[in-house]
Amino acid sequence: MTTSTKDEVVTNYPVGAMDKFIKNIPTHPQVGDLIEGRVLGQDRMALYIDLSPMGTGIIYGREYLNARDIIKKIAAGDIITAKVVEAETEEGGYVGLSLKEARQAIIWAEAENAIKNKTVLDILVKDANKGGLILEWQNIVGFLPASQLKAEHYPRINDGDKDKIMNELRKLIGTKISVTVITANPKEGKLIFSEKVGGQKERVEMVNKYSIGDVLDGEVTGAVDFGVFVKLEDGLEGLVHISEIDWSLVDNPKKLFKAGDKIKVKVIDIKDGKVSLSIKALKESPWKAAESKYKKSSKVNGVVIKYNKHGALVSIEEGVAGLAHISLFGTEEGMKKKLDLGKSYDFVITLFDAKEQKMTLVPADLYKEIAEVKVEEKKEEVAK
């Protein structure tokens with residue numbers, strides 16, 4: 001296939017990028033086809049292309065104006081690729097062509113190949129917003145979500161302030177980063193990049209050095225609502241999920257940790273190049289000791305520490321909590337009227353499973369009422 005050095009924008013493309021478009025072209029081209037031809041010449045507002053044996057193509061009107069910067073570089077005899085936008089024009093029976101749309105089709109084909117081949121691209125960061133970075137590739141604007149940034153570029157803002165996050169992201173403007181294309185949708189004009197995938201091989205090699213059960217020294221790089229990020233080595237971080245910070249309920253990891261804190265962690269899972277860590281796994285489970293103290297029907301005293309959609313969470317002792325289910329109270333309003341946050345009440349254990357760390361509770365006075373109702377119901381059954 002011959003290409004012109006005068007028009008790199010349109011005629012130079014990777015081998016194979018056009019294969020899915022230029023093949024089995026019918027005798028009469030159809031709208032949407034990408035087609036090659038030799039430039040015959042041009043007049044003031046039209047460029048003519050030899051499409052033998054399919055006739056003559058023409059780039060004119062709006063399509064000529066849209067491509068005028070490209071057309072300036074084209075000379076008679078050059079081989080170019082264009083997209084059919086009219087099977088037959090009203091004037092002269094020419095095939096209406098577009099250089100701009102052809103270029104767009106080629107670029108999107110390259111993007112699809114880049115996804116398939118996991119091609120790593122070095123691209124300049126043009127701008128940033130609160131959600132991520134704006135990149136431009138082949139004159140198409142794309143987006144790199146913050147969630148797809150490598151650990152060293154991810155903004156660690158303790159209070160989660162979006163303006164501060166954007167300020168951190170803006171520091172990357174003007175720098176080149178290595179990315180891969182993960183989404184290419186020409187119909188929606190959507191081009192999404194990821195910085196993580198580009199170094200996936202190196203990351204996997206790093207992660208493979210660790211095993212589940214390893215106890216490691218780490219450095220906190222940031223605390224967020226759902227947990228704590230911990231640096232294990234340069235280029236590798238793990239996450240301590242909020243549920244793995246302590247046996248007691250943790251509402252806000254940001255109050256417990258700050259960037260730079262040195263902590264010990266235990267590896268509890270390794271999957272898809274990600275390392276999951278735990279702090280509480282380094283402490284003995286309070287449920288183990290609780291197993292010998294509590295059982296079903298035991299009466300205990302506990303403090304209401306949280307409401308959730310299932311009911312009221314009640315702390316019996318440090319790290320051991322049970323649930324008073326909302327169905328006991330009829331409604332959320334009824335539950336909050338019966339049990340105040342921060343206050344202690346007597347409860348009866350209706351389920352205790354130390355291995356599964358599960359406990360259900362019923363307020364003692366309500367338990368008594370339920371028991372009395374059951375006795376009355378039983379008497380009625382006997383009487384019948």
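Two strands are taken to pair if DSSP finds at least two bridges between them, and strands themselves (E, at least two residues) are DSSP runs numbered from the N terminus, as are helices (H or I, at least four residues). This is a predicted model, in which local features need pLDDT of at least 70 and side-chain atom pairs count only at pLDDT 80 or more, while totals for chains, interfaces and linings use all residues. Residues are numbered from 1 along each chain as its sequence is written, and side-chain values use heavy atoms, with hydrogens and water left out.

| Strands | Bridges | Partners |
|---|---|---|
| E6 (121–129) and E7 (132–137) | 4 bridges | Asn129 and Gly132 |
| E11 (215–224) and E12 (227–233) | 5 bridges | Glu219 and Lys231 |

E6 and E7 form a hairpin with 2 residues between them, and the hairpin of E7 and E8 also has 2 residues between its strands, with Gln138 taking a positive phi near 55°. Strands E11 and E12 belong to a barrel that 5 strands close in the order E11-E12-E13-E15-E14, with mixed pairing.

The second largest pocket is lined by 22 residues, of which Trp247, Ser248, Leu249, Leu313 and Ala321 lie nearest its centre; a pocket is, on a 1 Å grid over the protein atoms alone, an open set of points where a 1.4 Å probe fits, with protein on both sides within 12 Å along at least five of seven lines, and lining residues have an atom within 4 Å of a point. Strands E16 (299–308), E17 (311–317) and E18 (320–325) each supply at least two residues of this lining.
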